[in-house]
Amino acid sequence: MEIYNDVSIKFNQFNHDNIPLDQLPVGKTARIKEILSSGKSRRRFLDLGIIPNSLISVERLSPAGNPIAFNIRGSVIALRKEEAQNIIVKPL
Amino acid sequence: MGLTCQSSGLSLLKDKFNISKKNEEQIVIALAGNPNTGKSTLFNYLTGLNQHTGNWPGKTITNAQGNFKYKDKEYLLVDLPGTYSILANSQEEEIARDFICFGNPKLTIVIADATCLERNLNLTLQIMELTDNVILCLNLIDEATRKGIKIDTSKLEQELKIPVIPMVARDGIGIDVLKETIDKIVEGKLQLKPLKMTYDDKIESLVSEIIDILPEYLKENYNARWIALRLIDGDNSILESIQELLNEDIPMKVEV
């Protein structure tokens, strides 16, 4: 009878699937996981529909790469790269 | 000497909001909505040349007010800045909030973009939490149809319990229905009890506690529940607004 070692090795739980929103490629959709900003910035994101679990996709970039147009819950909005960095998403 | 809101009626509107009523009978209506929903189009359609623009006192944000008449009643329409919410994230939102909460318009018209209704409903629900007399106008309904978006307006009305009017402000479609609805509400023929948000037990009990310690005049004249919720939110600017608007000292610091 084989006896298995009870000690399980816990790997680093860090989730490598999540990325900041500014790194989501054009045309791709992701699910919002977390909003890192606080205060008024955070409020503004929530008011625009950027809440955990919503789907967000990248419509297009502007010529300079900034701002970026996102489709959030049916509305298209523009966010600066610096703002998008504070939103953590999981690509579908 | 502090003025109570009731005693200063017209002068409060004038001093704090730069709103000039023609006379005591003129009915004040606030026009709110997200930016780019056609608020100005509706405003211009209703008021024509009978409008003037200025600034909200102390701010660099434009204030437009205009008059119109319907069935022998005179109305003063106040165009609020376009906002995504009234939770005071910005000056525009503070203005919209202060006017609806303390300026006591008889009615608030929320104009929504039918092509992105969900986002527009955020503001609508917030306003419904603040005041009962709300009419929702679904503008740009032609754009929505063009995009293949169909909205069940009667179902929406049932859920929200406020009038929902499909509209194409640019062409004047729906505006007669709007005026008729306004008239019915003002005449008392239509009583509105909009859908209200309720929160979990912990928050609701906090709300009750706070309402208990709010001054009497606040409870009598304003939406105490709404003020309590804003305090729980951590919005201290609401206390500042109260102090400023009512010339009253509020010797209380709320710790939640």
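## Chain B: contacts and overall form

Of the contacts in chain B with a separation of 6 or more, 66% join residues 24 or more positions apart; two residues are in contact if their C-beta atoms, placed from the backbone, lie within 7 Å. This is a predicted model, in which local features need pLDDT of at least 70 and side-chain atom pairs count only at pLDDT 80 or more, while totals for chains, interfaces and linings use all residues. Residues are numbered from 1 along each chain as its sequence is written, and chains are lettered from A in the order in which they are written.

The radius of gyration of chain B, 18 Å, agrees with the value near 18 Å for a compact globule of 256 residues (C-alpha atoms; 2.2 Å times the number of residues to the power 0.38). Buried residues make up 38% of chain B (20 or more other C-beta atoms within 10 Å of the residue's own, C-beta atoms being placed from the backbone).

## Domains of chain B

Chain B is divided into domain 1 (5–186) and domain 2 (201–246), with bounds from an automatic or database domain assignment. Nine residues of domain 1 of chain B are in contact with nine of domain 2 of chain B. On the domain 1 side, H3(B) gives the largest share, four residues (helices are DSSP runs of H or I, at least four residues, numbered from the N terminus).

## Interface of chains A and B

Nine residues of chain A are in contact with eight of chain B. Helix H1 (residues 39–47) of chain A gives the most to the chain A side, with four residues.

Definitions and conventions. Helices (H or I, at least four residues) and strands (E, at least two) are DSSP runs, numbered from the N terminus. A residue is buried if 20 or more other C-beta atoms lie within 10 Å of its own, exposed if 12 or fewer, and partly exposed in between; C-beta atoms are placed from the backbone.
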